[in-house]
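Please open the model in a viewer and keep the selection tool at hand.

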Amino acid sequence: MEGVPLSAYLALGAVLFAIGGLGVILKRNPIIIFMCIELMLNAANLTFLAFSRYHDAPLRGTIPMEHTYMNGQMAVVFVMAVAAAEVAVGLGIIMAIFRMRETVDIDEMSGMRG
Amino acid sequence: MSSQLVVFSAMSIVAVLSAVGVIVSRNAVRAALALVVNFIVLGVLYFTMNLELLGISQVLVYTGLIMMLFLFCILLLNLGAPQMLEETSGLKRYVAVLLSLVLIVLVLTQVLGPVAFSGAPGSESALAGIPTAPDGYGTAKSVGTEIFTNWIYALEICSVLLLLGIVGSILLAKRRG
Amino acid sequence: MLEGTAGSLLFAQAGSMALTEEILWALLRVIVVILFVLVFVPPVIWWERRLLGWMQDRIGPNRAGPFGLLQPIADGIKLFFKEDITPSKIDRFVYFTAPAIALLPAFVLGATVPWGPNRLLTPVADVDIGVLWILAISSLGVYGVTLGGWAGNNKYSLLGGLRSSAQMISYELAMGVAIYSVALPTGSLRLTDMVSRQHDPLWGVVEWAQNWFVFTPYGFVACVIFLICMVAETNRAPFDLPEAESELVAGFHTEYSSMKFAVFFMGEYAVMAVFGGIFTTLFLGGWSPLPLNWDHLASSADASGMGWLAATLAFIGSSKIAGLWFLAKIVGILTFYIWLRATLPRLRYDQLMNLGWKALLPIAALNFVIVAIWMLYGWIAFFGSAAVVTLAYFYVVVLILKPRASAKRSELKLVDVRPDTAKTIEIG
């Protein structure tokens, strides 16, 4: 959007990241902790894309489509793919722990043996 | 304040409020719902940056599949008493808030400061606004061309990772014995 | 938001006169979509009940109005005046939002479907990423069902919601791959491009016919997969596990009554109709009446001196009545839905998962690879690889997996106590 400075997107990303981090520290339900991690990933994605979009800002005008220009978008594509894999495995682990221990309180999961 | 900035602020307020909702709500389903709202707003923000493919992928991957998976697990576990999970000790809470405030200040001073106020490259027009997007920026064609040419190895590694993820989650889900 | 950017472009480029006209047309298109969703649903419900009645050798509703046509309206009025029961100990916010979320995708999807070639019926937002848009929005609709099931604070409805979300995740993948394997030959994700691509000569050679994707070999496979996934995604029989009335009372809407139930009900039928439109767009050539190249036929009739025939043919293929043809195709697909419901028994949960993950997804993925081979190496490579893949698939499924599965089943039979197996034990 015109009229919106890059710093606005970066500030939003920073705030979302911090809120996600707060959730990770604060929460005891592993699923919600997991969701907060997703939130942090998304905050990072937002900054990636903002940098990609505002890349070479001083030049103004049209910018040739070179692949350095696409790096931010590529990073986001791979973050999304890895996040999908991570969620599948992570939720599998949580379900397995729940079946074994009958609890999902993160503070109770201190033993290493199954 | 331009009209675009007003729209942006409205959307970012929704995003921040829903993010706060994720950690404030006592109920896991409500937290998931707040996160869905947040992801959709982020997708809309991507649209405003001409990133149509990534915006729709955000909605498709995050809200359509990932959050649905979260919701499925929450309902499946049916975490009987969410209030049991909510007893955080007072000290921990204050420490956490303090830490995240420190994080925000750190990011603001170290990243935003240079971008917005100092003489760092791009600072001047970074305040002024967005540069004109090149032709075809953010379309499926440009992203696809980029992935399948310059990033092909990363893509292959990523696909192997996804395959491992599938196999791993099936192994975890199967009851042993 | 897409429209927002388009709108700002308009502000920059067009004059104010053209702009107001454009906005007026956009508004008209929005009204058309909304009217379609709202007006089309009651006749669909009537049609389903009459047709089901006929198929099950009974009469069906025939009292309110001619042929019972007013029955859905009477039902709607009844639902309005029913007592609105809200269970205690529920999450009120989620409980009241869920029906609205269930109705949402019908409108949002309807906005991208090209109903016809003229100005009134083009999609409200002809987005570049139309196919992805369909997948994204249709997956949002399931939130309504899942959250509705959870919010009712009832174990039955919770089970319904759970089933719905698992079903959606399983079938969304196969559906996506099926769509991509017709998007690949189109070379675009835009829905209007897909329609115009299907108006090309059949297989690139038959001048008087149209290349509907359903007539191409890869498109036929994708079409069948998409059809099955579409039925599953709209929670219709035989995939109506989320509301299986013989197991779960009424599934996810057990705790809903009065208007909120009516909204769920309407959402289901509206999404069905809109999905019919998407199916028509993707595989059945959009608004073209029959797979015939009407302009070509008209010109050849004109050449052979039959002016009246040429005029008729040109009229049939013209853009004036294209919307009617589109509507007729949607009605045909809805009839197919109803026919399925009357014919097939509901799947068991494990059968549902097996179908989605072990049959539809691999077939769709193989089909996608084969389409890519065609695109790269031509049709000889296509038929060669198709034959190889088909044989390999049957080899794996029929010769390796089937005997194992049936061996397992025969082991089970001895401990089973169903009456028919009990008899075999006696005889044996």
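Begin by selecting A96(A), which lies in helix α3 (residues 67-101) of chain A; helices (H or I, at least four residues) and strands (E, at least two) are DSSP runs, numbered from the N terminus. This is a predicted model, in which local features need pLDDT of at least 70, side-chain atom pairs count only at pLDDT 80 or more, and totals for chains, interfaces and linings use all residues. Residues are numbered from 1 along each chain as its sequence is written, while chains are lettered from A and ligands numbered from 1 in the order in which they are written.

By definition, a residue is buried if 20 or more other C-beta atoms lie within 10 Å of its own, exposed if 12 or fewer, and partly exposed in between, with C-beta atoms placed from the backbone.

With 16 other C-beta atoms within 10 Å, V79(A) is partly exposed. Which residues does V79(A) contact, leaving aside its neighbours within four places in sequence? They are L41(A) and N45(A), where two residues are in contact if their C-beta atoms, placed from the backbone, lie within 7 Å. Select N45(A) together with V79(A): they are 34 residues apart in sequence and 7.6 Å apart in space, C-alpha to C-alpha.

Then display the whole of chain A. Chain A has 3 helices and 0 strands, and its pattern along the sequence is α-α-α. Of its 114 residues, 48% are buried. Among contacts in chain A between residues at least 6 apart in sequence, 55% join residues at least 24 apart.

Chain B is the next stop. It contains 7 helices and 0 strands, and its elements run α-α-α-α-α-α-α from the N terminus on. Chain B has 177 residues, of which 37% count as buried. For contacts in chain B with a separation of 6 or more, 51% are accounted for by residues 24 or more positions apart.

The contact takes 21 residues from chain B and 23 residues from chain C. On the side of chain B that touches chain C, α2 (28-48) and α3 (52-77) of chain B each supply at least two residues. The largest share of that side, 14 residues, comes from α3(B). The residues of this side divide into 16 nonpolar, 4 polar and 1 charged; Ala, Val, Leu, Ile, Met, Phe, Trp, Tyr, Cys and Pro count as nonpolar, Asp, Glu, Lys and Arg as charged, and the others, Gly among them, as polar.

Finally, colour chain C by pLDDT, the predictor's confidence in each residue, from 0 to 100. Its mean pLDDT is 79, and 89% of its residues reach 70 or more. Among the elements of chain C, helix α1 (residues 2-13) has the lowest mean pLDDT (44) and helix α8 (residues 217-233) the highest (88). Select residues 1-14 of chain C, where pLDDT stays under 50 and the model has 11 contacts beyond four places in sequence. Where pLDDT is low, the predicted coordinates should not be read in detail. For the complex, the predictor gives an ipTM of 0.82 and a pTM of 0.83.
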